[in-house]
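Subject: Structure for you to look at

Hello,

Please find below the structure I said I would pass on. My notes on it come after.

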Amino acid sequence: SGFRLGGRFRACALLCFILSSGLLRSASGAILRVKQYTTPPSFPNGASWSTAYPSLDAALAVASTNDQIWVASTVGVGMYTPTGNQTGGDGNTRHFEIAINVVIRGGYPTNPSNGTTARDVATNVTAFSGDFDGDDPAFGTSPADPDFLNNAYRVFEVVDVSDSCVI
(Lines give C-alpha, C1' and ligand atoms only; values in the text may rest on other atoms or scores of the structure.)
Protein backbone atom coordinates (compact mmCIF):
# COMPACT_ATOMS: atom_id res chain seq x y z
CA SER A 1 0.00 0.00 0.00
CA GLY A 2 1.06 3.62 -0.53
CA PHE A 3 2.39 6.19 1.92
CA ARG A 4 -0.34 8.26 3.69
CA LEU A 5 0.13 11.64 5.33
CA GLY A 6 -1.40 11.93 8.79
CA GLY A 7 -3.99 14.55 9.70
CA ARG A 8 -1.59 16.57 11.85
CA PHE A 9 0.94 16.81 9.03
CA ARG A 10 -1.70 17.98 6.56
CA ALA A 11 -2.98 20.61 9.01
CA CYS A 12 0.58 21.84 9.66
CA ALA A 13 1.35 22.00 5.93
CA LEU A 14 -1.86 23.98 5.29
CA LEU A 15 -1.10 26.43 8.12
CA CYS A 16 2.47 26.94 6.84
CA PHE A 17 1.08 27.67 3.35
CA ILE A 18 -1.44 30.20 4.69
CA LEU A 19 1.16 32.00 6.82
CA SER A 20 3.75 32.16 4.03
CA SER A 21 1.23 33.30 1.41
CA GLY A 22 -0.03 36.25 3.43
CA LEU A 23 -3.62 35.03 3.32
CA LEU A 24 -3.89 35.34 7.08
CA ARG A 25 -3.71 38.86 8.50
CA SER A 26 -2.49 39.61 11.97
CA ALA A 27 -4.72 41.41 14.45
CA SER A 28 -2.76 44.57 13.69
CA GLY A 29 -3.51 44.27 9.95
CA ALA A 30 -1.37 44.46 6.84
CA ILE A 31 0.94 47.25 5.71
CA LEU A 32 0.08 48.72 2.31
CA ARG A 33 2.46 51.18 0.66
CA VAL A 34 1.67 54.14 -1.61
CA LYS A 35 4.22 56.02 -3.71
CA GLN A 36 4.04 58.38 -6.69
CA TYR A 37 5.86 57.11 -9.78
CA THR A 38 7.00 58.30 -13.15
CA THR A 39 6.14 54.79 -14.36
CA PRO A 40 4.09 52.73 -11.87
CA PRO A 41 4.60 48.96 -11.59
CA SER A 42 2.49 46.74 -13.86
CA PHE A 43 0.87 44.95 -10.94
CA PRO A 44 0.97 47.13 -7.81
CA ASN A 45 -0.05 45.34 -4.62
CA GLY A 46 1.34 47.57 -1.87
CA ALA A 47 3.37 44.75 -0.31
CA SER A 48 6.71 46.54 -0.85
CA TRP A 49 7.93 49.96 -1.96
CA SER A 50 8.80 48.57 -5.41
CA THR A 51 5.19 47.36 -5.84
CA ALA A 52 3.52 50.25 -3.98
CA TYR A 53 0.14 51.52 -5.09
CA PRO A 54 0.43 54.70 -7.19
CA SER A 55 -2.47 56.41 -5.37
CA LEU A 56 -4.08 56.51 -1.96
CA ASP A 57 -7.42 55.72 -3.64
CA ALA A 58 -6.05 52.37 -4.84
CA ALA A 59 -4.77 51.41 -1.37
CA LEU A 60 -8.01 52.46 0.33
CA ALA A 61 -9.98 50.33 -2.16
CA VAL A 62 -8.28 47.13 -0.97
CA ALA A 63 -7.56 48.01 2.67
CA SER A 64 -9.18 46.05 5.47
CA THR A 65 -9.91 47.03 9.04
CA ASN A 66 -6.74 47.59 11.10
CA ASP A 67 -4.46 47.87 8.03
CA GLN A 68 -1.76 50.53 7.93
CA ILE A 69 -1.21 52.56 4.78
CA TRP A 70 2.32 53.98 4.54
CA VAL A 71 2.52 56.92 2.14
CA ALA A 72 5.82 58.11 0.63
CA SER A 73 6.77 61.77 0.62
CA THR A 74 5.53 64.14 -2.06
CA VAL A 75 8.57 66.45 -1.87
CA GLY A 76 9.61 67.17 -5.46
CA VAL A 77 6.86 65.00 -6.99
CA GLY A 78 3.62 66.89 -6.32
CA MET A 79 0.71 66.00 -4.07
CA TYR A 80 -1.71 63.12 -3.71
CA THR A 81 -5.12 64.13 -5.06
CA PRO A 82 -8.30 62.05 -4.91
CA THR A 83 -9.42 60.37 -8.12
CA GLY A 84 -12.47 58.45 -6.96
CA ASN A 85 -15.78 58.67 -5.11
CA GLN A 86 -17.23 61.25 -7.48
CA THR A 87 -20.95 62.05 -7.13
CA GLY A 88 -22.67 62.46 -10.50
CA GLY A 89 -20.96 64.66 -13.07
CA ASP A 90 -19.46 67.09 -10.56
CA GLY A 91 -15.69 66.42 -10.54
CA ASN A 92 -15.24 68.62 -7.48
CA THR A 93 -16.93 65.91 -5.35
CA ARG A 94 -13.92 63.56 -5.74
CA HIS A 95 -12.44 62.70 -2.34
CA PHE A 96 -10.57 60.05 -0.38
CA GLU A 97 -13.17 58.00 1.49
CA ILE A 98 -12.28 56.25 4.70
CA ALA A 99 -15.05 53.93 5.82
CA ILE A 100 -13.01 51.42 7.82
CA ASN A 101 -10.58 51.69 10.71
CA VAL A 102 -7.20 52.17 9.06
CA VAL A 103 -4.05 54.06 9.95
CA ILE A 104 -2.61 56.31 7.24
CA ARG A 105 1.00 57.36 7.90
CA GLY A 106 3.01 59.75 5.78
CA GLY A 107 6.62 60.81 6.17
CA TYR A 108 8.40 58.01 4.32
CA PRO A 109 11.17 58.89 1.81
CA THR A 110 10.26 59.61 -1.83
CA ASN A 111 12.48 56.75 -3.02
CA PRO A 112 12.45 54.34 -0.07
CA SER A 113 14.12 50.96 -0.17
CA ASN A 114 12.03 47.90 0.55
CA GLY A 115 13.47 47.58 4.04
CA THR A 116 12.87 51.21 4.94
CA THR A 117 10.77 51.88 7.97
CA ALA A 118 12.53 55.17 8.78
CA ARG A 119 9.74 57.70 9.01
CA ASP A 120 10.61 61.39 9.27
CA VAL A 121 7.58 63.65 8.93
CA ALA A 122 9.64 66.85 9.11
CA THR A 123 11.92 65.92 6.19
CA ASN A 124 9.61 63.66 4.16
CA VAL A 125 6.49 65.81 3.89
CA THR A 126 3.46 63.95 2.57
CA ALA A 127 0.74 66.24 1.20
CA PHE A 128 -2.85 65.54 0.18
CA SER A 129 -4.57 68.16 -1.92
CA GLY A 130 -7.90 68.92 -3.54
CA ASP A 131 -6.22 71.05 -6.23
CA PHE A 132 -6.81 68.78 -9.24
CA ASP A 133 -5.01 71.04 -11.73
CA GLY A 134 -2.05 71.85 -9.50
CA ASP A 135 -2.49 75.53 -10.33
CA ASP A 136 -3.28 77.06 -6.94
CA PRO A 137 -0.72 79.37 -5.33
CA ALA A 138 1.70 78.10 -2.73
CA PHE A 139 0.71 78.27 0.91
CA GLY A 140 1.37 81.64 2.49
CA THR A 141 0.97 83.69 -0.70
CA SER A 142 -1.92 85.99 -1.48
CA PRO A 143 -2.47 86.06 -5.25
CA ALA A 144 -4.74 88.60 -6.89
CA ASP A 145 -6.75 85.96 -8.80
CA PRO A 146 -6.41 82.41 -7.44
CA ASP A 147 -7.89 79.55 -9.43
CA PHE A 148 -10.04 77.53 -7.09
CA LEU A 149 -12.62 76.44 -9.68
CA ASN A 150 -11.37 72.87 -10.14
CA ASN A 151 -10.78 71.96 -6.50
CA ALA A 152 -12.34 69.31 -4.30
CA TYR A 153 -15.07 70.38 -1.92
CA ARG A 154 -13.36 68.15 0.65
CA VAL A 155 -10.19 66.03 0.45
CA PHE A 156 -11.14 63.34 3.00
CA GLU A 157 -14.51 61.96 4.00
CA VAL A 158 -14.45 59.81 7.10
CA VAL A 159 -17.57 57.69 7.63
CA ASP A 160 -18.54 55.36 10.51
CA VAL A 161 -15.10 54.73 11.98
CA SER A 162 -13.93 54.48 15.56
CA ASP A 163 -11.11 56.29 17.32
CA SER A 164 -8.66 53.63 16.07
CA CYS A 165 -8.74 55.31 12.63
CA VAL A 166 -5.68 57.57 12.33
CA ILE A 167 -4.76 59.99 9.55
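The notes below go from the whole chain to the sheet, the core, and then a few individual residues.

Please keep in mind that this is a predicted model.

**Overall make-up**

The protein chain contains two helices and five strands. Read from the N terminus, the elements follow the order α-β-α-β-β-β-β. The chain has 167 residues, 33% of which count as buried. Its accessible surface is about 10200 Å², and carbon and sulfur atoms make up 56% of that. Among contacts with a sequence separation of 6 or more, 61% are between residues 24 or more positions apart.

**The sheet**

Three strands form an open sheet in the order S1-S2-S4, and the pairing is parallel. S1 and S4 are the edge strands, each pairing on one side only. From one strand to the next, the twist averages 25°.

S1 and S2 run parallel and are joined by four bridges. In this pair, Val34 is opposite Val71 of S2. The pairing of S2 with S4 is also in the parallel sense and also has four bridges. Here Ala72 stands opposite Tyr108 of S4.

What is the burial state of S4, an edge strand? Five of its six residues are buried, so S4 is largely enclosed by the rest of the structure. The cut-off behind this is a relative accessible area under 20%.

In soluble globular proteins, nonpolar side chains tend to be buried together. The largest nonpolar core in this model has 20 residues, and those that touch the most other members are Val34, Leu56, Leu60, Ile69, Val71 and Ile104. At least two core residues come from each of the following elements:

- strand S1, residues 31–34
- helix H2, residues 56–62
- strand S2, residues 68–72
- strand S3, residues 96–98
- strand S4, residues 103–108

Which of these gives the most to the core? It is S2, with four residues.

Val34 belongs to this core and also takes part in the sheet, opposite Val71. Leaving out residues up to four places away in sequence, Val34 touches Trp49, Ala52, Tyr53, Pro54, Ser55, Leu56, Ala59, Ile69, Trp70, Val71, Ala72 and Tyr80.

His95 is in the loop between S2 and S3. With a relative accessibility of 3%, His95 counts as buried. Apart from neighbours within four places in sequence, His95 is in contact with Asp57, Pro82, Gly84, Asn85, Arg154, Val155 and Glu157.

Two residues in that list, Arg154 and Glu157, are also joined to each other: their side chains meet in a salt bridge, with an N to O distance of 2.6 Å. Side chains of opposite charge can pair when their charged atoms come close. The count for the model is one salt bridge. Arg154 counts as partly exposed because its relative accessibility is 35%. Glu157 has a relative accessible area of 23% and is therefore partly exposed as well.

Phi is near 75° for Asn66, a positive value in a residue other than glycine. For Asn85, phi is near 65°, again positive in a residue other than glycine. Asn66 has a relative accessibility of 35% and so counts as partly exposed. Asn85 also counts as partly exposed, because its relative accessibility is 35%. As noted above, Asn85 is one of the contacts of His95.

**Ala58 and Pro82**

Ala58 is in helix H2. Its relative accessible area is 27%, so Ala58 is partly exposed. Between Ala58 and Pro82 there are 9.9 Å from C-alpha to C-alpha, at a separation of 24 residues in sequence. Pro82 is also among the residues in contact with His95.

Regards

Technical notes:
Residues numbered from 1 in each chain as written. Predicted model: local features only at pLDDT ≥ 70, side-chain atom pairs only at ≥ 80, totals over all residues. Heavy atoms only, no water. Core = buried A, V, L, I, M, F, W, Y, C linked by side-chain atoms within 4.5 Å. Buried < 20%, exposed > 50% of the residue type's maximum accessible area, 1.4 Å probe, protein only. Contact = heavy atoms within 4.5 Å. Pairing = 2+ DSSP bridges. Axes fitted to C-alpha atoms, helices over the stretch in contact; angles between N-to-C directions. Salt bridge = Lys/Arg side-chain N within 4 Å of Asp/Glu carboxyl O. Areas by Shrake-Rupley, 256 points an atom, 1.4 Å probe, with all protein chains shown as cover.
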